[in-house]
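This report describes selected features of chain packing, helix packing and sheet architecture. The sequence and structure come first.

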Amino acid sequence: MSLFYAFIAIIRRDLLLAVRRRSEIANPLLFFILVITLFPLGIGAQPHLLQAIAPGIIWVSALLAAMLSLDSLFRSDFDDGSLEQILLSPYPASILVLAKIIAHWLVTGLPLLIVAPLLAVFLGMPTQSLGVLLLTLLLGTPVLSLIGAIGVALTVGLRRGGMILSLLVLPLYVPVLIFAGNAVEMAGSGLPVDAQINILISILCLSLVLAPWPTAAALKMSVN
Amino acid sequence: MPNNSSSRLQGSDLSCIRDDRVLFEELCFELNSGQLLLLEGENGSGKTSLLRILCGFREPDAGQVLWCGHAINDSQYYDDMAYVGHLDGVKKELTVLENLKVSLALGQRGQYSIAQALLKVQLADFEDAPVQSLSAGQKRRLSLARLLITHNTLWILDEPFTSLDKQGISLIERLMTEHCKNGGMIILTSHHDIALPSVDVQRILLS
């Protein structure tokens, strides 16, 4: 029961910190909105083209926004020594790390879900695929945070880990991008998307169970 | 609440090699309840490295650390120890109270309540102050308050007197004496001369 208490305390702490430093919430969200609004300007008056590539645009932007937000996951805890205290706790580090990842997703992933339908309409996406878009974002963005956490944990001790981080993490994001983008596109043409959604669910379950361990192990290496 | 009087920390044949430089080799020590171990040595002599090995952040290049006869990773070690390092380990955006509540959630309830601990480290009026408005010495006292609110037998302190004034130093010395009297044990590094007449002090000189 006290493990549960510690888990909740970490989530609560990180949400409180996010409220106190608002830029952490605003940055990825603003980036997501800006990138998507730039596409119609760049492509010009071709609504059909825009409509056709809308799922790709939204998902690639979500991916990049997630990348952008990753560094904040462990950086400040690493710098002020809170990470050492979390790792020295008698509770399993992987569970506490999972709490941090969940809080991070609530702060950076969930806001994307809220603005995505608006931006989809803006790009002319057919209304029947909006539900599927939301579903893929709901299943996919937590995976981005979970997989990204492994990469950040490995690079947080380096002074300039940004480039290595994207090289490490982006290839692992590709499966999510492929299945999510494909599902939204299929839904636009009125085809069934059960298979893609099932695969996304299994990727989410798998990373939920498997990602916290290597993340905790990598953090232990990084504080060394 | 240090109540386990049979606790014992042993280091056997510890070595640490950093960038091909041997910091220490075949270091042995044994620390029992009520004892204090003071690590002395020049800058760069491996004091902090030894503390980080004892915390389990670093693997010793040879030898092992035993807690009550078991390797630290296979024992209750992390239930019984607390570490205050160079970094304070507090979030500057949170208030004093919020920081201590998180620390309490991450450990087990100890001898003192949060209010009592704040009174002891003379921060009682700062409960709701954000940590970034505190001075360096007050932050240090806050991170030491963490030792009082959670259950622990072994304190590992890396330069605990940094940025404390005379009054703060004697305050921490009082707390350390009390901890050792209650059967706790302490390992610390310090450049200050410490005055603990009633405590069984061991010294290791690293060079």
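Axes are lines fitted to C-alpha atoms, for helices over the stretch in contact, and angles run from 0 to 180 degrees between N-to-C directions. In this predicted model, helix α6 (residues 166–181) of chain B lies across β3, β7 (154–158) and β8 (185–189) of chain B, and runs at about 145° to β8(B).

The sheet concerned is open and has five strands in the order β6-β7-β8-β3-β9 (chain B), with parallel pairing. Because β6 (81–84) and β9 (200–206) of chain B stand at the edges with a single partner strand each, one side of each is left without a neighbour in the sheet. From one strand to the next, the twist averages 15°. Strand β3 (residues 35–41) of chain B pairs with β9(B) in the parallel sense over seven bridges, and B:Gly41 stands opposite B:Leu206 in β9(B).

In chain A, helix α3 (residues 47–70) and helix α8 (residues 130–155) pack with their axes 10 Å apart at an angle of about 30°, and are therefore roughly parallel to each other. The crossing in which α3(A) passes α8(A) is right-handed. Among the residues that meet there are A:Pro55, A:Ile58 and A:Leu70 in α3(A), and A:Leu133, A:Gly148 and A:Val152 in α8(A).

The contact between the chains takes 20 residues from chain A and 21 residues from chain B. On the side of chain B that touches chain A, α2 (77–80) and α3 (96–106) of chain B each give two or more residues, and the largest share, five residues, comes from α3(B).

The two contacts divide by residue class as follows.

| Contact | Nonpolar | Polar | Charged |
|---|---|---|---|
| α3(A) with α8(A) | ten residues | four residues | no residues |

Key. Residues numbered from 1 in each chain as written. Chains lettered and ligands numbered in written order. Predicted model: local features only at pLDDT ≥ 70, side-chain atom pairs only at ≥ 80, totals over all residues. Contact = placed C-beta atoms within 7 Å. Helix = DSSP H or I, 4+ residues; strand = E, 2+ residues; numbered from the N terminus. Parallel < 35°, antiparallel > 145°, perpendicular 65-115°, else oblique. Left-handed = near helix turned anticlockwise from the far one by under 90°. Nonpolar A, V, L, I, M, F, W, Y, C, P; charged D, E, K, R; others polar. Pairing = 2+ DSSP bridges.
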